Amino acid sequence: MLSVGDIMARDLVTIGPDESIERAAGLMNRYRVGGLPVVRDGRLVGIITSRDVRGSHGNRLVVDAMSKQVVVVSEDCSLWEAKELMEQHGIERLVVVEDGRPVGVITKSRLYAELGKYVDALTGLHRAEFLQRKAADLLQQGKEIAIIFLDLDDFGAVDKELGHVWGDKILQQVAQVLRGVMEDGVDYLSRYAGDEFAVVTTRSFDEARKLAWRMVRVLAEERWPHGVSVTGSAGVAGGRRGYMREEANEKWTVADLINMASLASTRAKKDRKPVIVVGRVELQEAG
Amino acid sequence: MRKIDINIGLSEFEIPPMQDILLVGKKAAIGPEAIRQMVSALSPDQYEVVRVDHDIFEAAVIKKSLVKLLPQDKLLPLILEEGACLATDKMVVKARVHIGVHVSRVVDL
C-alpha cells in the first residue's frame, strides 16, 4: 500500500534562515514550487511559502517571515494520514523528515491526485485498497476492529430489469443510505467491488453486529426507483492484534478478516439470513 | 563642454546606529531576527529584542540600561502608543528616550 515516501518529491529545494526573501521568491519562481523548507545545518527549522513571501519585504531575512511550526511526516506515513494532517492544519504541503532532516515534500495536489485513484468515481466512497490500509493502520494502533461485508442480493436482476444506468443510480443511493448509518472516525465505509460494500469499524464486536443489522435494515426500508426491492446480506468478522510486529503480517491478517466477512455474507445470502456473524479472532503473527 | 559636480558629505557612523529604542514595523524592510543579529554584532549585550502583539509593530529593540530605570511593562506601552501615531507597518522607527529620576529626601539634623 502506498505511503508518503512513494509519491513525495525527493529533489528538495531548500533555503537557509539567513537568506533573503527576495532569494526565496527567486527560488520558488525558478523551480515552480509554492514553498521551501528552511534548513540550518541540515536540520529543518521552518517553512516559507509563497504567501509568506508576498506579505514580506524582499530585503527581510527568511527567518523573519517563515513559519517556525512545521507539520512534518515520516516516509512511512499513509496517504490518508497525510490527508488528515493537511486538512486538520489547513496547509498545502507537508515536509517529510527522517531524523529531523528533510528528505522530501508532498503537496496537496499531488496527494489528492494519488488518493483519487482510491476513490470510487460512481459512489464517491473509498475503494477496497483504502479499507485494507485503514484496517491495517487501526490494528497497528492496537485497536480492535471488525469488518462488515455487505453484498446486495441479486443485484444483477436489477441491472437486467432497469438497465445499467438505473443500476448505477441505485448503487449511488445505496452508498448514500449506508453513509447515513456510519459514524465519522469510527466506521469507514468502502465500495469493495461491484455491488459489494465493506466497513471497517472500531466499534466493539457486538456493536459492529448491530451496525450490520442496521445496514441491512435501512436498505430494506429505503424507497427505491421504479419500486424495485434492494436488499443485502452481511457478514461480520472481528479481530484484534496478537503478536504482529511487521506490517506485512498485518496485511495478511486483514485480508483474512475481510475474507471471513465476505464468506459470511455469502453464507447469509445462501441461508437467507440477513446477517451472519463469524466471530472474533485473535490475529496472530503469520508463521 | 561638460562638467561634473561632486559633493561629499562625511560624518561619523554612529555605533550603534540606533538610539535607545527601535520599533520594527510588521512589513518593514528588516525584521526582528535581522535586527537582533545586527545589534549583537555592533553592540553585544546592550540591547534586547522584544516581540510585541501590536497592529503596526512586531518587535521593539530596547537598550537594556533603560529597563533598569523603568520596567519594560511600563515603558513599552508608552513608546508603542506614541510610535503608532506617526509610523506605518513598513517603517522602523528609532526613539530617543530620556528618563529623569527626581529624588527628594529629608535628612534629620
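Trainee: What percentage of the 109 residues in chain B is made up of buried residues?

Mentor: Buried residues come to 19% there. Buried means 20 or more other C-beta atoms within 10 Å of a residue's own, exposed means 12 or fewer, and partly exposed is in between, with C-beta atoms placed from the backbone. This is a predicted model, where local features need pLDDT of at least 70 and side-chain atom pairs count only at pLDDT 80 or more, while totals for chains, interfaces and linings use all residues. Residues are numbered from 1 along each chain as its sequence is written, and chains are lettered from A and ligands numbered from 1 in the order in which they are written.

Trainee: How many helices and strands does chain B have?

Mentor: Three helices and four strands, in the order β-α-β-β-α-α-β from the N terminus. Helices (H or I, at least four residues) and strands (E, at least two) are DSSP runs, numbered from the N terminus.

Trainee: Switching to chain A. Where is Asp41(A)?

Mentor: Asp41(A) sits in the loop between β1 (35–40) and β2 (43–49) of chain A. Those two strands form a hairpin with two residues between them. Asp41(A) has a positive phi of about 50°, although it is not a glycine.

Trainee: How do β1(A) and β2(A) pair?

Mentor: They are antiparallel, over six bridges; strands count as paired if DSSP finds at least two bridges between them. Leu36(A) stands opposite Ile48(A) of β2(A).

Trainee: Is Asp41(A) buried or exposed?

Mentor: Asp41(A) counts as exposed, because it has 7 C-beta neighbours inside 10 Å. His226(A) also counts as exposed, with 9 such neighbours inside 10 Å. His226(A) lies in the loop between α9 (205–221) and β9 (232–241) of chain A, and has a positive phi of about 60° without being a glycine.

Trainee: Which residues touch the most other members of the largest nonpolar core?

Mentor: Among them are Ile48(A), Val62(A) and Ile147(A), in a core of 72 residues. Such a core is a set of buried Ala, Val, Leu, Ile, Met, Phe, Trp, Tyr and Cys residues joined through C-beta atoms within 7 Å. Domain 1 (4–115) and domain 2 (120–283) of chain A each give it at least three residues, the domain bounds coming from an automatic or database domain assignment.

Trainee: What does Ile147(A) touch?

Mentor: Leaving out residues up to four places away in sequence, its contacts include Ala135(A), Val200(A) and Leu257(A). Contact means C-beta atoms, placed from the backbone, within 7 Å.

Methods
Two residues are in contact if their C-beta atoms, placed from the backbone, lie within 7 Å.
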